Amino acid sequence: MDQTYDVVVLGTGLKECLVAGVLSAVERMKVLHVDRNDYYGGESASLNLLQVFEKFAKERAMDKSAIAAKYGRYQDYNIDLIPKYIMGNGLLTKVLVKTGVHQYIQFRAGDGSFVVGKGGKIHKVPANDKEALRSSLMGMFEKLRARSFFVFVQNFVETDPSTHGGYNLHRMPARELYEKFGLAAETVEFIGHALALKTNERYLDEPAVNLVKAVRLYSDSMARFDTGSPYIYPLYGLGELPQGFARLSAVYGGTYMLAKHDVEVVYDEETGRACGVKSEGETAKAKFVVGDPSYFPGKTKVMGQVVRALCLLSHPIPNVNDAESVQIIIPAAQCGRRHDVYVLGAGSSHNVCAKGRYFASVSTTVETNDPQRELEVGLRMLGPIDELFYNVSDVHHPLADGVADGAFISTGYDATTHFETTVRDVIDIYKRITGKDLDLSKDDFTAADTSG
């Protein structure tokens, strides 16, 4: 460990592995990657069923034989601690292709994306003009208005003003664009939350071009794999992603050290800059250090909490057209909240459960002193639940951007069940480190790269 590196990365969560992989493959930096745990993944690890009981419910823990009798082999489960789908044409897919990591991992497309409308009814999310006309979310006249909006989005080319409908989309706020198409509040709600994947209403006062590009991303992702869903998911769970990026870094000379329980950041006494890490009496020097908030005490603040329920089922989620792998978004306005509630379902087709078993998660941003109760609206959608594990986690944000002190800290994971916000943080860290945007123009990921 007594060596000099370009960068030391602390923690093997997905964000840290993404940063390590990109700095290794794109910038050719010499990377040392260290984790206090003896497994990859950190907060975003995938655990087998035995590990899940040990982590969340020791009082209910079963031995291997008891698990086998009730649920099958515990090794057949790969339960993600922070389950999230990958947008087919989104940022994580682009990073996977840019770095070649998609060649290390098998993916399968999801089965559907749904949104909760009036009366708590679950609807398939319409993503284009044809689906808008068939959707039960809207009445006939609203369908026609929504169809016009989707045609506008599908024809939009950012560099061609002739496709902008005569609007200055960089100055017009999103709410005004909705008004131009005469869209009702309920339609605005599902477009903003289930297609554009906005997490609050602030986007309504932001430039409309951001909304149009976000909806177009959803539509393009739907078309990419032609499966009825804009999302893909790795076989054997999301824990494959950190390991894939770890392999990438190793190909370019990255060094990995797990189970360094006492690792801590070293700061220069004169400048206060992070200049390496020490563990077991040895010190690794580096130009700067990247890591998750747990490695930088005093340099982050808690910006909120996320509550998640991880559930085992004996059946697929009801009322989603027999789809096994789904995302359901419950807009905040439909459940009397300030934040949306997210439901994710998956099963044995993604190798996250034994045959005949299913996995579901429900997540949201904590608003009260009773976080578990805040998930009830989502849990009710699952039907009978065989096992239920709760997890409440703080969401940390760095106090500084790292440019001055050389400590580049990732933010905590939000409640969403997709990766767009996660990868934006990685891209932002990359830019703060290198001073340039990450070029994600290469994009040749096709349906052949998925297993279904």
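## Briefing: sheet, cores and cavity

Strand 14 and strand 17 pair in the antiparallel sense over eight bridges; two strands count as paired if DSSP finds at least two bridges between them. Helices (H or I, at least four residues) and strands (E, at least two) are DSSP runs, numbered from the N terminus. This is a predicted model in which local features need pLDDT of at least 70 and side-chain atom pairs count only at pLDDT 80 or more, while totals for chains, interfaces and linings use all residues. Residues are numbered from 1 along each chain as its sequence is written, and side-chain values use heavy atoms, with hydrogens and water left out.

- Seven strands make up an open sheet of mixed pairing, in the order 8-7-15-16-17-14-18.
- Its edges are strand 8 (122-124) and strand 18 (387-398), each of which pairs on one side only.
- From one strand to the next the twist averages 20 degrees, with axes fitted to C-alpha atoms (for helices over the stretch in contact) and angles running from 0 to 180 degrees between N-to-C directions.
- Three bridges join strand 7 (residues 112-116) to strand 8 in the antiparallel sense, and Phe-114 stands opposite Lys-124 in strand 8.
- Strand 16 (residues 341-347) and strand 17 run antiparallel and share seven bridges; Val-341 is opposite Thr-364 in strand 17.
- Arg-308 has Ser-363 in strand 17 as its bridge partner.
- Seven of the eight residues of strand 17 (residues 358-365) are buried, where buried means under 20% relative accessible area with a 1.4 Å probe and protein chains only.

**Nonpolar cores**

- A nonpolar core is a set of buried Ala, Val, Leu, Ile, Met, Phe, Trp, Tyr and Cys residues joined through side-chain atoms within 4.5 Å.
- The largest core has 111 residues, of which Phe-149 and Leu-241 touch the most other members.
- Helix 9 (residues 208-225) gives the most to this core, with nine residues.
- Beyond its neighbours within four places in sequence, Phe-149 contacts (heavy atoms within 4.5 Å) Leu-177, Tyr-178, Phe-181, Leu-183, Ile-191, Leu-211 and Val-215.
- A second, separate core of 24 residues includes Ala-309, Ile-317, Ile-330 and Met-381.

- Helix 2 (residues 49-56) lies across strand 14 (300-313) and strand 18, at about 70 degrees to strand 18.
- The largest cavity has a volume of about 30 Å³; a cavity is a set of points on a 1 Å grid over the protein atoms alone where a 1.4 Å probe fits but cannot get out, and lining residues have an atom within 4 Å of a point.
- Its lining consists of Leu-49, Val-52, Ile-79, Leu-310, Cys-311, Leu-312, Phe-359 and Phe-389.
- Strand 14 supplies the largest share of that lining, three residues.

Note on methods:
Buried means under 20% relative accessible area, exposed over 50%, partly exposed in between (1.4 Å probe, protein chains only). On a 1 Å grid over the protein atoms alone, a cavity is a set of points where a 1.4 Å probe fits but cannot get out, and a pocket is an open set with protein on both sides within 12 Å along at least five of seven lines; lining residues have an atom within 4 Å of a point. Grid points are joined across faces, edges and corners, and a volume is the space filled by probe spheres set on the points.
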